[in-house]
Amino acid sequence: MLASGRGSNLQALMDSVEAGRLDAEIVAVLSDVEQAVALGRARSAGIEARFIEPGPSRSRLSGQAEAAMIAILDRLRVDLVALAGFMRILSPGFVSHFKLRILNIHPSLLPCFPGLHVQKQALDYGVKYSGCTVHFVDEGTDTGPIIIQAAVPVLEEDTEETLSERILVEEHRIYTEAVRLFAEGKLKVEGRRVRVLR
Ligand code: GRF
């Protein structure tokens with residue numbers, strides 16, 4: 001998994017594996033942030049956790065950083081790369097190396113509100129529902145084929161924090177579900193549409 005921050009989605013996936021709700025193994029957590037809480041969570045669970053020096057750009061990884069990540073992920077023969085609060089845009093080369101094997105969780109109902117500060121965007125726009133999306137990663141930002149979404153109401157008294165919390169509960173639920181479907185080979189991508197095989 002790739003993570004840059006507190007790692008609550010990582011924790012939710014680790015908990016799902018631990019509880020037997022998800023038949024998968026999380027083999028490594030890589031981060032572009034040395035102090036990321038996510039790395040500590042992984043280490044406490046005995047999972048390989050590595051900081052990768054991201055390079056000079058704030059929004060992307062250097063070629064060297066991506067090569068280092070690919071080397072580790074290939075060595076571990078990962079089936080899936082799950083982004084969980086990973087704050088950098090991956091290059092087309094990285095994306096094509098793991099074609100249709102990278103998932104991301106985003107805290108809005110895409111294609112509404114891609115990018116950053118998403119809950120604020122939803123509040124400012126005045127939508128009555130927001131939510132979260134698990135999608136395959138393609139070359140764009142938050143544009144890949146959608147696997148699962150969950151909606152939550154936006155309440156009049158909501159702040160960015162309260163809306164984020166309500167969405168996060170659903171994030172943790174649908175990320176486990178999406179990884180489970182992927183692991184079971186039940187996701188069939190047809191253009192932009194992802195069919196869930198039963
Ligand atoms: C989540 O809201 C996720 O959707 C977004 O970044 C946040 C990461 O949270 N991409 P966490 O690090 O998983 O707690």
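Helices (H or I, at least four residues) and strands (E, at least two) in these legends are DSSP runs, numbered from the N terminus. The model is predicted.

View 1. Arg-6 places a polar side-chain atom 2.5 Å from an oxygen atom of the ligand. Ser-8 also brings a polar side-chain atom to an oxygen atom of the ligand, at 2.6 Å. Ile-105 uses its backbone instead: an N or O atom there lies 3.1 Å from a ligand nitrogen atom. On its own, the ligand has 370 Å² of accessible area, and the protein covers 85% of that.

**View 2. Asn-9 belongs to helix α1 (residues 8–18).** Is this residue buried or exposed? Asn-9 counts as buried because its relative accessible area is 8%, and the cut-off for buried is under 20%. The side chains of Asn-9 and Glu-171 make a polar contact of 3.0 Å. Beyond the neighbours within four places in sequence, the contacts of Asn-9 are Ala-84, Ile-105, Leu-168, Glu-171, His-172 and Tyr-175.

**View 3. Arg-173 sits in helix α6 (residues 160–183).** Its side chain joins that of Glu-170 in a polar contact of 2.6 Å. Along the chain, Arg-173 and Ala-12 are 161 residues apart. In space, their C-alpha atoms are 7.9 Å apart.

**View 4. Pro-54 lies in the loop between β2 (48–51) and α3 (63–75).** The residue is buried, as its relative accessible area is 7%. Which residues does Pro-54 contact, leaving aside its neighbours within four places in sequence? They are Asp-32, Arg-60, Leu-61, Ser-62, Ala-65 and Arg-88. Glu-34 is 20 residues from Pro-54 along the chain, with 9.9 Å between the two C-alpha atoms.

**View 5. Leu-100 has a positive phi of about 55°, although it is not a glycine.** Most residues other than glycine have a negative phi. Leu-100 is placed in the loop between α4 (92–97) and β4.

**View 6. A cis peptide bond links Leu-110 to Pro-111.** Omega for this bond is near 10°. Most peptide bonds are trans. Pro-111 is part of the loop between β4 and α5 (118–125). Phe-113, too, lies in the loop between β4 and α5. This residue is not a glycine, yet its phi is positive, at about 55°. Phe-113 counts as buried because its relative accessibility is 12%.

Notes: Residues are numbered from 1 along each chain as its sequence is written. This is a predicted model: local features need pLDDT of at least 70, side-chain atom pairs count only at pLDDT 80 or more; totals for chains, interfaces and linings use all residues. Side-chain values use heavy atoms; hydrogens and water are left out. Buried means under 20% relative accessible area, exposed over 50%, partly exposed in between (1.4 Å probe, protein chains only). A polar contact is a pair of N or O atoms within 3.5 Å; within protein, one must be able to donate a hydrogen and the other to accept it, and residues adjacent in sequence count only if both atoms are side-chain atoms. Contact means heavy atoms within 4.5 Å. Accessible areas come from the Shrake-Rupley method with a 1.4 Å probe; for residues, only the protein chains shown count as cover.
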